Amino acid sequence: MSEMTYSDAVKDAIRMELRRDPDVVMFGEDIAHHGGMMQVTKGLLDEFGDKRMIDTPISESGFMGMGIGAALRGLRPVVDLMFFDFALVAMDQIQNQLAKTIYMSGGKVKVPLTIRTQGGGWKGAAAQHSQMLEALFVHVPGLKVVTSSTPADAKGLLQASIQDDSPVLFIEHKQLYGVKGEVPEGDHIVPLGKADVKREGSDVTIFSYSYCVHLALEAAEKLADQGVSAEVVDLRTLNPLDFDTVAASVSKTHRAMVVHDSYARCGIGADLAAQIQEKLFDELDAPILRVTGGDVSVPFAGELENALLPNVERIVATANELVS
Amino acid sequence: MPQAPPSGSNRPSDSLSKDDLKGIYRQMWILRKFEETLLDLSKAGDLRGSLHLTEGQEAGPAGACLALRKDDAITMTYRGHGYYLAKGVNIKEVLAEIIGRENGTSRGRGGKMHVFDPEHGVLGANGIVAGGVPTAVGAAFASWLKGDDSVALSAFGDGAMNQGVMHEVMNMAGLWKLPVVFYCENNLYAEMTSLEASSGVTEVHKRVAAYGFEGVKIDGNDPLEVFDAVTAAVEKARAGGGPTLIEAMTYRTCGHYQLDPGFGGYRTREEVEEWKAKSPLIRFGAVLKEKKICKDKDLKKIEEEAAAIVAEAKEFALAGPIPSVDGLADGVFA
Ligand SMILES: Cc1ncc(C[n+]2csc(CCOP(=O)(O)OP(=O)(O)O)c2C)c(N)n1
Ligand SMILES: [Mg+2]
């Protein structure tokens, strides 16, 4: 174990995979020579050379599609999307091609491609550089969608993603890069499709993922001071969803809420609420509530952005509403 | 009229054997018979969905695939039956796929627009115009990164030249000199819209000058000219010389899909008839006779052989098991 930032943990995962498997290659905009917009991949070009770490032109659809071809021909590409928002430029290649290739081939082919990207606000980056768009990619079948909230999970889940034979969308968060934590040295695998109880509790479950897990944990601390025991479940992999862990927690606390900083309508919270009430209606003592990033584009002004995105106070208030 | 590529005295096709030449003719007939069978199956209600036939364009797949190795990659479109068949995919399994059977190439999950066979380098037919071109360029990217000498070819139509992603990947193919052949079947129409109504530059091959590689225009209804152009492009690609775009002039003498009569509205009956007379099957049959490789009766025999192969495939397909609903969600993930 050693303490490192989330950013270094992501780099460590990529480095481990590039070392482990000569078929792993990474490409995207400004990732090799510059080391990535967030400097996560700095130094990897020196170790692995320009046939493993490749700077591309600004052609998200094009290089995403090329990743599919490369994956079908035996490589294990890590395709870097500088901002999650830019995935929208490459939607045909991601959703019509990448996500469907295995199914359309009748399960005949493997598509071991990992899209690595980062989303999220609180940085004054406004409407086209702040989005968390995970729900769009869970909605269309065929992509594994993975998030992480701690450096250790980031490393373990990214290594697992790159090793997976299905396409994976690995979503990082701007607010997480400086977060520090203990990370296992050497190979570290956290299996995809497993949620993690980040804090045990008995009165209410707060389901969350990515950066918002930290807000949920802070809120749980405050709730404890007020005599409310909140369980915090980090969903981690959004597709496939670990519903067993969801069910176990709801069956324990009988009250559930979902926290995410992405849009509310048709979001992960809406989906989770639907699934819980479909399968666990009798376990519920209260309606399922959501704290989300609303249904407004991310505004520029700090006061507006802060008002839109979730915060600890709203989570505490919502949990109190559930237990009262 | 299309102009011939720089040819000179020794064209690659000069070294094709008599059997190779007969093989080309046979491959074109297999495609024609195959598609006639698809139409029959569609009319009989055994085949679901729309059918994009390629009547009149048989020279492209027969000539191009002969210039490729088994380990070379290829992608094609919804109108790509000829390419996956000529690349070597089992015709019985293809037909089973096209009528949605469990023993089809994709266990009935793909259908005719989504035929895959990585064994033969077939990385997918595609339902999205230009959607599969990046896959082929990505296969070439993989060859380049790994340093192996396989190449990739993507067959697509003139309409695909107006999709953004096409230009993104052409730019990258030119940038890195990737071993890829862009094979554009210029059949003058995209659905019911003509080339003239689609771009200010109707000489498709000239458009790649912007990406720093060569574009050539050929008679796409002459399978030997196709073979020569693809062979030259493939040799160049294998040698590290980068991509080529081949603009193959051809014509779909049938409708865009089975419910389009093919003339009236967007093209005249005369225009279609004129091209029917220039059909690759007619023209190449005449070449084989002229070269004294075949007599009429030999040509007829080849046609009958092709029909028998397709008939056998049809029998196999119709006898294939219907996919079990239990397996509906198989293959969402690897
Ligand atoms: C992205 C997309 N837009 C539109 C269509 C509908 N469509 C199917 S075939 C076709 C024409 C394509 O023409 P071309 O590329 O010239 O190929 P051809 O059909 O002539 O072989 C169109 C517009 C589609 N399948 N995909
Ligand atoms: Mg066309």
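So, is Glu305(B) buried, exposed or partly exposed? Glu305(B) is partly exposed, at 29% relative accessible area; buried here means under 20%, exposed over 50%, and partly exposed in between, with a 1.4 Å probe and protein chains only.

Before going on, a word on the model: it's predicted, so local features need pLDDT of at least 70 and side-chain atom pairs count only at pLDDT 80 or more, while totals for chains, interfaces and linings use all residues. Residues are numbered from 1 along each chain as its sequence is written, chains are lettered from A and ligands numbered from 1 in the order in which they are written, and side-chain values use heavy atoms, leaving out hydrogens and water.

Back to Glu305(B): its side chain meets that of Lys301(B) in a salt bridge, 3.9 Å from N to O. By salt bridge I mean a side-chain nitrogen of Lys or Arg within 4 Å of a carboxyl oxygen of Asp or Glu. The two sit four residues apart in helix 10 of chain B, so about one helical turn separates them. Lys301(B) counts as exposed, at 52% relative accessibility. Helices, by the way, are DSSP runs of H or I with at least four residues, strands are runs of E with at least two, and both are numbered from the N terminus.

Now for Lys33(B) and Glu303(B), whose salt bridge is 3.1 Å, N to O. Lys33(B) is in helix 1 and Glu303(B) in helix 10 of chain B, so this pair ties together parts 270 residues apart in sequence. Both residues are buried.

Over in chain A, Asp80(A) and Arg116(A) form a salt bridge, with the closest N and O atoms 2.7 Å apart. Asp80(A) belongs to strand 4 and Arg116(A) to strand 5, so parts 36 residues apart get tied together.

What about the interface? There, 44 residues of chain B are in contact (heavy atoms within 4.5 Å) with 42 residues of chain A. The two chains have zero salt bridges between them. Helix 5 of chain B gives the most to the side of chain B that touches chain A, with 10 residues.

Last, the metal. Asp158(B) through OD, Asn187(B) through OD1 and Tyr189(B) through O coordinate the magnesium ion, ligand 2, at 2.1 Å. Donors are N, O and S atoms within 2.8 Å of the metal, or 3.2 Å for Na, K and Ca; water is not among the atoms, so sites may look incomplete. Along the chain, the donors follow the spacing D-x28-N-x1-Y. Asn187(B) and Tyr189(B) are both buried.
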